[in-house]
Amino acid sequence: MAFTDNEKEAIVALIDACMAALEEPIDDLWWNWVDVDDLTDAGWDKKRAKKTFGSLVAKRIINIDLMCMPGSCCFFINVPWAARIWKEAQQQVVA
């Protein structure tokens, strides 16, 4: 599946937020909770964050927990899939 540059930036921001919250390297993460607020905390404006988060849900790299309790974070990211995009971004920064 193809991702836009904007979606790739969002995936990087979401994975960075997961690693920071859990204090774990990317290779130790699996399925982790994420929210639109992770993007706004990374400096995205609310409108862009919601739209991009929604497109990632539509592409199923972010999934919805249907058993989620009201008021809880109900979205989780498929880290093994997202990790490829995150690692590509890290290599581009180094190059």
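Q: Is Phe-53 buried or exposed?
A: In this predicted model, Phe-53 is buried, with a relative accessible area of 3%. That value falls under the 20% cut-off, so the residue counts as buried.

Q: Which aromatic pair does Phe-53 form?
A: Phe-53 pairs with Phe-75 in an edge-to-face arrangement. The distance is 5.1 Å centre to centre, with 90° between the planes.

Q: Where do Phe-53 and Phe-75 lie in the chain?
A: Phe-53 belongs to helix H3, while Phe-75 belongs to strand E3 (residues 75–78). The two are 22 residues apart, and the pair links distant parts of the chain.

Q: And what is the relative accessible area of Phe-75?
A: For Phe-75 the value is 24%, so this residue is partly exposed.

Q: How many aromatic pairs does the structure hold?
A: There are two aromatic pairs. One of them joins Phe-3 and Trp-81, whose ring centres are 5.7 Å apart and whose planes stand at 65°, so this pair is edge-to-face.

Q: Which parts does the pair of Phe-3 and Trp-81 tie together?
A: Phe-3 sits in the segment before H1 and Trp-81 in helix H4, so the pair ties together parts that are 78 residues apart in sequence. Phe-3 counts as buried, at 11% relative accessibility.

Q: Moving to the core: how many residues are in the largest nonpolar one?
A: The largest nonpolar core has 27 residues. Ile-15, Ile-61 and Ile-77 have the most contacts inside it.

Q: Which elements give two or more residues to this core?
A: They are helix H1 (5–22), helix H2 (36–41), helix H3 (46–58) and helix H4 (79–94). H1 provides the largest share, eight residues.

Q: What does Ile-61 touch, leaving out residues up to four places away in sequence?
A: Ile-61 touches Phe-3, Ile-11, Leu-56, Phe-76, Ile-77, Asn-78, Trp-81, Ala-82 and Ile-85. Both Phe-3 and Trp-81, the partners in the aromatic pair, are thus among the contacts of Ile-61.

Q: How much space lies in the largest pocket?
A: The largest pocket holds about 170 Å³ of space.

Q: Which residues line the largest pocket?
A: The lining consists of Asp-5, Lys-8, Glu-9, Val-12, Ile-85, Glu-88, Ala-89 and Gln-92. H1 and H4 each supply at least two residues of this lining. Ile-85, one of the lining residues, is also touched by Ile-61.

Definitions and conventions: Residues are numbered from 1 along each chain as its sequence is written. This is a predicted model: local features need pLDDT of at least 70, side-chain atom pairs count only at pLDDT 80 or more; totals for chains, interfaces and linings use all residues. Side-chain values use heavy atoms; hydrogens and water are left out. A nonpolar core is a set of buried Ala, Val, Leu, Ile, Met, Phe, Trp, Tyr and Cys residues joined through side-chain atoms within 4.5 Å. Buried means under 20% relative accessible area, exposed over 50%, partly exposed in between (1.4 Å probe, protein chains only). Helices (H or I, at least four residues) and strands (E, at least two) are DSSP runs, numbered from the N terminus. Contact means heavy atoms within 4.5 Å. Rings of Phe, Tyr and Trp (its six-membered ring) pair if their centres lie within 6.5 Å; planes under 30 degrees apart count as stacked, over 60 as edge-to-face and the rest as tilted. On a 1 Å grid over the protein atoms alone, a cavity is a set of points where a 1.4 Å probe fits but cannot get out, and a pocket is an open set with protein on both sides within 12 Å along at least five of seven lines; lining residues have an atom within 4 Å of a point. Grid points are joined across faces, edges and corners, and a volume is the space filled by probe spheres set on the points.
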